[in-house]
Amino acid sequence: MKHRAASVAKVTVPVRALLNRFALLFLILSAFAIMLLGKAETVAVERVRSGVVDLVAPIMDGLSRPIATVSTGVDRIENFFSVYQENERLREQNARLLEWQSAALALAAENSTFRKMLNFVPERGAAFSAARVIGDSGGVFVRSVLINAGAATGIERGDAVVSGEGLVGRVAEAGLQSARVLLITDLNSRIPVVSEKGRVRAILSGDNSAQPKLAFLPPNARLNLGDRIVTSGHGGVFPAGLPVGTISSVDDGVIRVSPFAEFDLLEYVRIITEFPGEVAGQIVPSTARPSRMK
Amino acid sequence: MINTALQRLDRSARLLAPFVVSVILVLLSALPVYVPGYGQIAVDVGLVTVFYWAIYRPDLFPAVAAFALGLWQDILVGSPIGLHALILLLANWAIVSQRTFFQGKAFGVIWWSFSLVALIAAIASWVIVCALNTTLISPVAALFQAALTIGAFPFMAWFLARVQHAVLRPIDVDV
């Protein structure tokens, strides 16, 4: 027995020494390999990622609730002190909104008459799914959040994510019970948008700053500060007309958009899982996208 | 017989404590806090734990542990996968190889060394992310994060020291 152990040791000891020497090198190379695989959006890497997040999502969900409660409590205390000014502001806003409401009702009535006249076939409605934000991006280089809903509720990669204020981002990875949402401010976010008034098309391109910029503008584009920017729906990945933000600065030819969504205070989001004119729920490469223009 | 089996279980659970505590701290750091802007410059908890254990208990926190913790952080936080794995691995290696320098040094020296490591880690990860995305991005957030992490280091080191004393003191594992 002893003899056998010794002979085993005779083999294992040098092997272990060799392994130890090369372990660090091996790990460094693995880190680089994983980074490249991740960059290439390899399916296996994404599976592992969303699988692990799926496993811990219930824990994060449970842990994030008390934090949200505390945050809501702090908000309440803050609100208590500004209740008078807030009331004034809301009254004023209410008066303005009532005007808008009557305008909207008139337009809706007019619109339905026109539709009847045109024999317009209504498109089928959009389907939503709601989720809670359970993980913040603690990362310096990525703008993303984790949500507690995934493929089990019909969420797919590429789905648009909105909050009450406007577009938040798109689903970058969907697990079964969780998904990661890439915010529109992220370096890798590209969203086809259009200015609401001038109908100037552009790509909203994130650069990790709080205000993404407009790229691929047509020459002589007419844009003004404060113009509302909405999704254009080109490519069929996103529904058209989702509010994105307003033009906040024009600096050296770089036009920046201030998003409506407040990314720091996101608690609940809606995911648009289905919408009229969606290209079968897939992300179609830009070159192969059917033209949706008429 | 049962007693010794339990003791052995207890012992191995205690030996795993540095890694398990680090894993939990990284999970906590990924939760949303609803403070404007904090998510982008949140304290790099993984780096602090790797640094601490590499100095005080490198026997219980090998390179593989640093690598695994980095991957865990990448997955939870959503950073480019492999980025923290590499950074934490290199940090672990650098500190363990300089271990004799740290022995018996005052906390100030250790804090100063951590500042250096945090700064180098911030710059290195910024360079890697720029290379991965083939664009130049602003390094300001990374430097802010490094500053915040350096500021948080004494508090976290105090907490980790409490863990070390509470969990590792009862067993004689020093080699």
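1. In chain A of this predicted model, six strands close into a barrel in the order β1-β2-β5-β4-β3-β12, with antiparallel pairing. Strands here are DSSP runs (E, at least two residues) and helices are runs of H or I of at least four residues, numbered from the N terminus; two strands pair if DSSP finds at least two bridges between them. From one strand to the next, the twist averages 45°.

2. A:Glu173 stands opposite A:Arg180 in β5(A).

3. Chain A has three helices and 12 strands. Of its 294 residues, 31% are buried, that is, they have 20 or more other C-beta atoms within 10 Å of their own, the C-beta atoms being placed from the backbone.

4. Chain A meets chain B through 36 residues of chain A and 38 residues of chain B; a contact requires C-beta atoms, placed from the backbone, within 7 Å. On the chain B side, α4(B) gives the most, with six residues.

5. The mean pLDDT (the predictor's confidence in each residue, from 0 to 100) of chain A is 82, and 88% of its residues reach 70 or more. Over residues 280-294 of chain A the pLDDT is below 50. Where pLDDT is low, the predicted coordinates should not be read in detail.

6. Residues are numbered from 1 along each chain as its sequence is written, while chains are lettered from A and ligands numbered from 1 in the order in which they are written. Local features need pLDDT of at least 70 and side-chain atom pairs count only at pLDDT 80 or more, whereas totals for chains, interfaces and linings use all residues.

Conventions
A residue is buried if 20 or more other C-beta atoms lie within 10 Å of its own, exposed if 12 or fewer, and partly exposed in between; C-beta atoms are placed from the backbone. Two residues are in contact if their C-beta atoms, placed from the backbone, lie within 7 Å. Axes are lines fitted to C-alpha atoms, for helices over the stretch in contact, and angles run from 0 to 180 degrees between N-to-C directions.
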